[in-house]
Amino acid sequence: MTVMEAICARRSVRKYQDRPVEEEKLARVLEAGRLAPSARNQQHWRFIAVTDETLRQGMPEACCGQAFVGQAPVVLVMVMTETPRAMSCGQLAEPMDCTIALSFMMLEAVEQGLGSCWIGAFHADKMAQLLQLPENETVVAVAPLGYPQEETPPRPRKAPEEVYSRR
C-alpha cells in the first residue's frame, strides 16, 4: 500500500469488531507516531494505548457521551508533556506535534487493516483524571482504534480548486 492509498482508504470508524488488536500491529502504529516530526525534534509527547477494559468504559463520559469510544479495543490518547511553546509563526508546537504524530499513526493503522476516528469532542481534564496523568501532562487528542465492523463509505470532500491554489 502506498501512502496515497492509505490516505484514500482512511475513514472515521465508529463501529469496531469485538476483536483485540495484535500487539505487533499496535506496536507499528505507535512506532509511526514516535517517528513523526516534532518542532525542534523536542518530542514533548507521550502516546498512551489504552487497552484496559475498565479504563475504556470510562472514556465515553470524558468524550461527551460518544459510546463507540469505549467499544474500540484500543484507545490512543495523545498527551503533551510540556507547557505549550509558541513557535515563531505563532502556532503552539506541542499540540501541533501531537496531532502530526496521530496523523502518522492513523495512516499506519490503515496499512495494518485497522480503523480509527479522530475525537475532537472530549474533556481533557476528565480524560487526564481517568488516566491519572501528572499535572504537567495535557491530553491533546483521542482516537479509538480497532478492526472496523463495517465498511465506512467515503465522505464528500471539497473540490481541489476550493482547497488549494498556486501563486
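How many aromatic pairs does a search of the whole structure find? I found one. For this search, rings of Phe, Tyr and Trp (its six-membered ring) pair if their centres lie within 6.5 Å; planes under 30 degrees apart count as stacked, over 60 as edge-to-face and the rest as tilted. The rings are those of Trp-45 and Phe-47, with centres 5.2 Å apart and planes at 45 degrees, so I noted the pair as tilted.

Notes on the model: it is predicted, local features need pLDDT of at least 70, side-chain atom pairs count only at pLDDT 80 or more, and totals for chains, interfaces and linings use all residues. Residues are numbered from 1 along each chain as its sequence is written, and side-chain values use heavy atoms, without hydrogens and water.

I then looked up burial (buried is under 20% relative accessible area, exposed over 50%, partly exposed in between, with a 1.4 Å probe and protein chains only). Trp-45 is buried at 11%, and Phe-47 is buried at 19%.

Next, the sheet. I use DSSP runs for strands (E, at least two residues), numbered from the N terminus, and two strands pair if DSSP finds at least two bridges between them. Four strands form an open antiparallel sheet, ordered β1-β2-β4-β3. β1 (45-50) and β3 (115-116) are at the edges with a single partner strand each, so one side of each has no neighbour in the sheet. I counted seven bridges between β2 (residues 74-80) and β4 (residues 138-146). Val-74 is opposite Leu-145 in β4.
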